[in-house]
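Walk me through this structure, from the contact between the chains to the parts of each one.

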Amino acid sequence: MQDPRIRLASAALISVAAFISIWGALAVFLWWLLFTPRMRRVKNIRVITGMLLLIGVIAVLIWISGGDGLSYFLRFGVIVLVGTWLYTEQKPGEFLAVSVWAGKNRWGFELGMIGECAMQIAELLLCDYARIRIAMKLKGENWGVRTLVPFCLILIHDALMRADEIAELLAVRGYRNGGVCCPVFCIGPLDRVSGICAICVFFFSIVPVSEFFILSM
Amino acid sequence: MKIVLDHLQVQQGGWSLLANGTFEEGIHLVSGAVGSGKSTLALAMAGFFTPSQGTVTREGIKTLMLSTQFPEFHITRLSIAEECASWELDYTEIIQSARLKVDGNASPLSLSRGELKRFHLSCILAREYDLLLVDEPFSSLDCIEKERLCRELSARDSGITIIFTHEQSIFPHVDHLWEIDAGELCALGRFPEALTQWQRAPALVKKLIDLGRCPANLTPEAIREAACRIHE
C-alpha cells in the first residue's frame, strides 16, 4: 500500500475492528492475508514471535481464571499483526506528511514530528536490543529475571537520553512550534480497494453477526 | 592459535569489504579510513556479523572478547559494582585502575564518555583472552590515557590482539600491520618492513621513512629513536 493516508486510516479502522469482536478479528486477519505482504518484509521476526508468545501466555492465564482466553489471543494477536504491517510499511517522513495533510502546518506539523521521533526511537530500540544481546553474549550471561530488569531500564534510559538530545538539538536550531511541509502522495493500484475493504471490515465488526443472516426456526 | 579469514566478504547496502588472511599470535594493527569497514570486520571476526561470502575460522581459540567503539554498548547492569560483577571482576580494583572517583552504587551510564571508556577498557584488560578484538580503543581518550592504554596493550604477551583503528598519533607496540584500502584488507607484513607499504601511515612516520630513518615500531619511543637516531 503506497498511500500513507489510506494505510494509516485502514490500520486504525481494522485495529478497532479486531478489538471489538472475535468476528471482527477474523475479518481483519482475512484482510491482512489479502492486502499486506504478510511476514515477508518483517526484519525482526523474533520480536513478533516474542510478542505473540507473551499474548499467548496472558491468554492462557485468562482462560485458567475462567475468562475467554481464545478471544483475547485472537483479537490481540491480529492487532499485533496489523501493527507489524504498519511498522514495516512505514517510511521516514510519511507520518509528518500525513499529519500536515490532516492538521496543516501548525498542529499537524507538531504531531507529525512527534510521530517521526517516536518511529526513529522505536527503530533505535531494536538496535539497542541487538547490541545488549551481543554484550551479554560476550560476558557469557544468560537471559533471566535478574538480567531482564536492567535490560529494560537501560533501553528506557537510552531512549530518554536520545529524546533529550533531540529536544536540545531542536532548541539550538531555534525551533519553537509548527513548520512548513508540502506533502505529495502517490496512490497505488490496490490502495483504494484495500481502503474500502478496511471500512467494510470495520462495519462488519460493529454490526452483530446475526444481522447478516436470516435466522429462522 | 590463529584466526583465518577465507575469502571473507562483508556487505551492507552498496558497501562491501573483502578480507583474506591469517592472524596469528601477537599484536595486529588494522588501519583504515573512517567508514572503511573496520567495525563490521571486527564484528564478523567475533562471529556477530554474518558474512555474505567466505568463512572465519578460529583455531585453538577458547576465549574471545570484542570491545566495540562505543563503551555504552557493553553496559548491561545499573550500577558499577553490578557491572563489574557481570564481568566477574572486583569493582574496587576496576575503579582504581580506571581512575574513577565514584562509588560502586553509581550508575555506569552517569559517567562521561571518556570515563566510561576507561572503565570499559579496564574491565576488558583485567582478564586474559585468547582473542581480543578492540575497535577504536583510543576514541574518547586524551593523550595521557592513550599512552597508558598503549602500554597495557603492548604488555599483552599471549594470545591474538587485533586493534582496529584510524588513530594517527599514538600506537602500542605492534607485530603485524594490516590496512583496509579500496574495499580490501591487505596484509602488509611484520614490522618494520611493513611500514614502507603503509598507504595511510602517519605523516611523521612517512617523513622518517623518506629520510631513511625507518622506525623499528610505532611506539612513541621507537618514533623518537628514529627521529633522533640515538643509539646506546
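Two residues are in contact if their C-beta atoms, placed from the backbone, lie within 7 Å. The contact between the chains takes 13 residues from chain A and 12 residues from chain B. On the chain B side, eight of these residues are nonpolar, three are polar and one is charged. Here Ala, Val, Leu, Ile, Met, Phe, Trp, Tyr, Cys and Pro count as nonpolar, Asp, Glu, Lys and Arg as charged, and the others, Gly among them, as polar.

This is a predicted model, in which local features need pLDDT of at least 70 and side-chain atom pairs count only at pLDDT 80 or more, while totals for chains, interfaces and linings use all residues. Residues are numbered from 1 along each chain as its sequence is written, and chains are lettered from A and ligands numbered from 1 in the order in which they are written.

Take chain A next. Chain A has seven helices and zero strands. Helices (H or I, at least four residues) and strands (E, at least two) are DSSP runs, numbered from the N terminus. The C-alpha trace of chain A spans about 70 × 50 × 30 Å along its principal axes. Of its 217 residues, 23% count as buried. A residue is buried if 20 or more other C-beta atoms lie within 10 Å of its own, exposed if 12 or fewer, and partly exposed in between. Among contacts in chain A with a separation of 6 or more, 73% come from residues 24 or more positions apart.

Helix α4 of chain A covers residues 69–89. What span should its 21 residues have at 1.5 Å a residue? The expected span is 1.5 Å times one less than the number of residues. That gives 30 Å, and the end C-alpha atoms are 30 Å apart, which agrees. Buried residues of α4(A) include A:Phe73, A:Leu74, A:Ile79 and A:Trp85. A:Arg75 is buried too. The buried residues of this helix pack against α1 (4–20), α2 (22–35) and α3 (45–64) of chain A.

Now chain B. Strands β1 (residues 2–12) and β4(B) run antiparallel, joined by six bridges. Two strands pair if DSSP finds at least two bridges between them. B:Val4 stands opposite B:Thr57 in β4(B).

Strand β7 (residues 160–165) of chain B holds B:Ile162. Why is B:Ile162 buried? Because 23 other C-beta atoms lie within 10 Å. Beyond its neighbours within four places in sequence, B:Ile162 is in contact with B:Phe23, B:His28, B:Val30 and B:Leu133. B:Ala42 is 120 residues from B:Ile162 in sequence, yet 8.7 Å away in space, C-alpha to C-alpha.
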